[in-house]
Amino acid sequence: MATTRNQPSARRFWSWFIPIRRDIGSWAFALNRITALGLTFYLFLHLIVLGLLAQGPGAYDSFLALTENPFIKLGEWAVVAAAILHGLNGIRIVLTSFGVGVTRQKQLFYGFMVIAIVVILFFTTKMYIG
Amino acid sequence: MSKPHVIVIGAGFTGVATAHDLALRGCDVTVVERGDICHGTSGRTHGLLHSGGRYAVKDKESAVECIDENLILRKIVPQVIEPNGGLFIGLNESDLAYAEQFIESCEECHIPLEELKPQDALKLEPNINPKVLTAFLIPDGTFDPLRLALAFAGTAKHNGAKFRTYHEVQGFVMDGQGNVCGVKVLDRAANKTEEMRADVVVNATGAWSGEVTAMAGLDAPVKPTPGIMVAYDQRFVQRALNRLNVPSDGDIILPQRRMVVVGTTSYDAENVDYIPVTDDQIKLMLERGSELIPGIRNSKPRGIYMAARPLVGGGSGRSMARTFKCYDHKETHNIDGLVTITGGKATTLRAMAEKTADVVCAKLDITTPCVTKETPLLSYRQYYASPN
Amino acid sequence: MSEKWNIILRIYRQKEGEAPHMDNFQMEVNPDEYVIDAVERAWAFHDRTICFRHACHHSTCGACGMRVNGVEKLTCITLIRDVTYDGATLKVEPLRNFPVVSDLAVDMGLFYRKMEKVDARAVLPVTEAEIENPPRKWASEDSEYIRLSDCIECGLCISACPIMATTPEYLGPAPLAAAQDHGIHRKPELLSIVDCEDGVWRCHSAFECTAVCPSFVDPARRIMDLRKQVVGTRLSKLIGKA
């Protein structure tokens, strides 16, 4: 009997990235992965910056100048937003992994995302308006 | 000495059961099928493990075949069966009048039956029509069509049979003297044709028997007779449910997983490759089904389908016998090397295979006796799980 | 008189040694038919080289699973009305994460081997099949009724699971659900099979398996319950030793 193997393709590897037509659980999964990648990237960046700062006060001043850059500020906003989303969804994952609320996982996701949006709006106003 | 090679055309119930029997008797078997296991009629069968009660009055030969094979299948392949028995219920005067001959005929065919009072029937099956006037318990059952075939196919594969699915027979290979000595197949998955040689070719294509024998220039007396099935999305009963009367349309309801399946109708058809479903047949199943189980009116159809039974012999529709026939074409048309097995019911697949294997082995001088009655089948998963 | 729609049926084609491509078939369909009916007609009347798998046409055999417009469906119970509209396209592709035999037919070998590994129950007492709204309340004698189990081994969950896309070693939703259906307390040998890197801990909670399952198995819930069983068993073993 002829058997042809499905070749792994770039499309298949990245198919989780935008779970088009998938149910909300897959969107939560994608969100968690993307925020995880973002936060990991930020972590490395943070360590690199700390390393630079260890080189003395001059490096510190030039770093402070950087933080005024609106793109950097947006990046910082993104990091905090990502942490909030990832953290709250993470609580949902922990709960369902212990069998709590598995049959209500969609409602859990929507509920936590509402909280996330409220918190993000709150800290956004704090961050940009003060 | 090498084993004789038998090619079986068709991987429905008849084909896989025959492959299983022949493999156990020492043949090298190759099954060729243009689709996959149970692509034709076998896949879309109702799934009734017949007790024979339905045929006891008018078709005693089939009835006895059914009850005998019913007990054998319960022993050798319980993994695919819901073995909860069945009820014949009477709802009106005509049904009641049928009861006496029903009882006599079942006893004649050694089909065990037990008469129930209406209230006891309702206690066993609360969802049947509350106006039930009389009821009989008989050893019907439900089976999963594909998995029944997979169990036979997987066991045959384990015993050396080869399965070439997506291989369509396009013609026979003839020797110089007008006998069949092989088949020409198209591998549909690879778009390649090849020739396969065999000592005997078994035509187990059911409703397509005539189309296949035509490739050798002869016809088979099979009459494709389609019928409709409608599956509803609630498991209303635990047992098979039959109408206590002569066989008619929509008088069988079977539970299967979380559904019940109502069937069926019976009419002639020409084109067997695709049989359309018609609205009037769907309506008829709803009408007749809700006579037996009123709750069906409040449930949704889950699947609706048609397939053609391979009926042999004279008459048409419901008057045709449900028995099976095996033709050695050396005797019918002086064309050696080709045997056709057709007709029959899913419940009698093992018996059909035994008869066919007897004919084939006689031609090949194989004297090994048939052991399929006592041989438990392997897990149906073996068909896919074991390598090709 | 039944409605008539005109659609384009787009089918994935792949023959051995050739590059895959899509074929378009202009077809008239009744929207109250099922997707498998359209595929079967395309084979019967338009192109006899199409390879696809089907058998029971009523969601008991699990053979006709395919991706319809990108989402896993059991095509015999999927109404055309629910997946497309008059004048539109209906795309049909084989399941993901299975090797393709040809066109829409895939190789079920590895999947069935995994189901055998956990010795998935094919039949079980009717009272053990967790139904939320049984047609009537179970009585004690109902446990003598046997029925075919919910899982029809269709493979939709395997196709939909994002982890299955990363490795074929992962046991997968259906086998894990079947292991949970047994229960580790009833079948202790399952512990080492599911408590491993490619067992119950590989799941990352996408819940897509439950979303596509056509047969009420709810594999996601069962995987989480299996985790509880594993943790509980390991803990009691630990305490038992101490």
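Predicted model: local features only at pLDDT ≥ 70, side-chain atom pairs only at ≥ 80, totals over all residues.
Residues are numbered from 1 along each chain as its sequence is written, and chains are lettered from A and ligands numbered from 1 in the order in which they are written.

We begin with chain C, whose assignment gives domain 1 (5-106) and domain 2 (109-241); such bounds come from an automatic or database domain assignment. The C-alpha centres of these two domains of chain C lie 29 Å apart. Their contact takes 13 residues from domain 1 of chain C and 13 residues from domain 2 of chain C, where two residues are in contact if their C-beta atoms, placed from the backbone, lie within 7 Å. On the side of domain 1 of chain C that touches domain 2 of chain C, β3 (65-68) and β4 (71-74) of chain C each supply at least two residues; helices (H or I, at least four residues) and strands (E, at least two) are DSSP runs, numbered from the N terminus.

Chain B is likewise divided, into domain 1 (5-42 + 146-221 + 322-385) and domain 2 (48-143 + 223-312). Here 25 residues of domain 1 of chain B are in contact with 25 residues of domain 2 of chain B. On the side of domain 1 of chain B that touches domain 2 of chain B, two or more residues come from each of α5 (145-158), β20 (338-343) and α9 (349-363) of chain B, and α5(B) gives the most, with three residues.

Chain B also holds an open sheet of eight strands with mixed pairing, in the order β6-β7-β5-β15-β16-β17-β14-β18; two strands pair if DSSP finds at least two bridges between them. Its edge strands, which each pair on one side only, are β6 (114-116) and β18 (301-312) of chain B. Within the sheet, strands β16 (residues 252-256) and β17 (residues 259-263) of chain B run antiparallel and are joined by five bridges, and Ile253(B) stands opposite Val262(B) in β17(B).

Helix α3 (residues 93-108) of chain B packs on the sheet, where α3 touches β5 (86-90), β7 (134-138) and β15 (240-243) of chain B, and its direction makes about 130 degrees with that of β5(B). Axes are lines fitted to C-alpha atoms, for helices over the stretch in contact, and angles run from 0 to 180 degrees between N-to-C directions. Helix α7 (residues 279-292) of chain B packs on the sheet too, and its direction makes about 60 degrees with that of β14(B).
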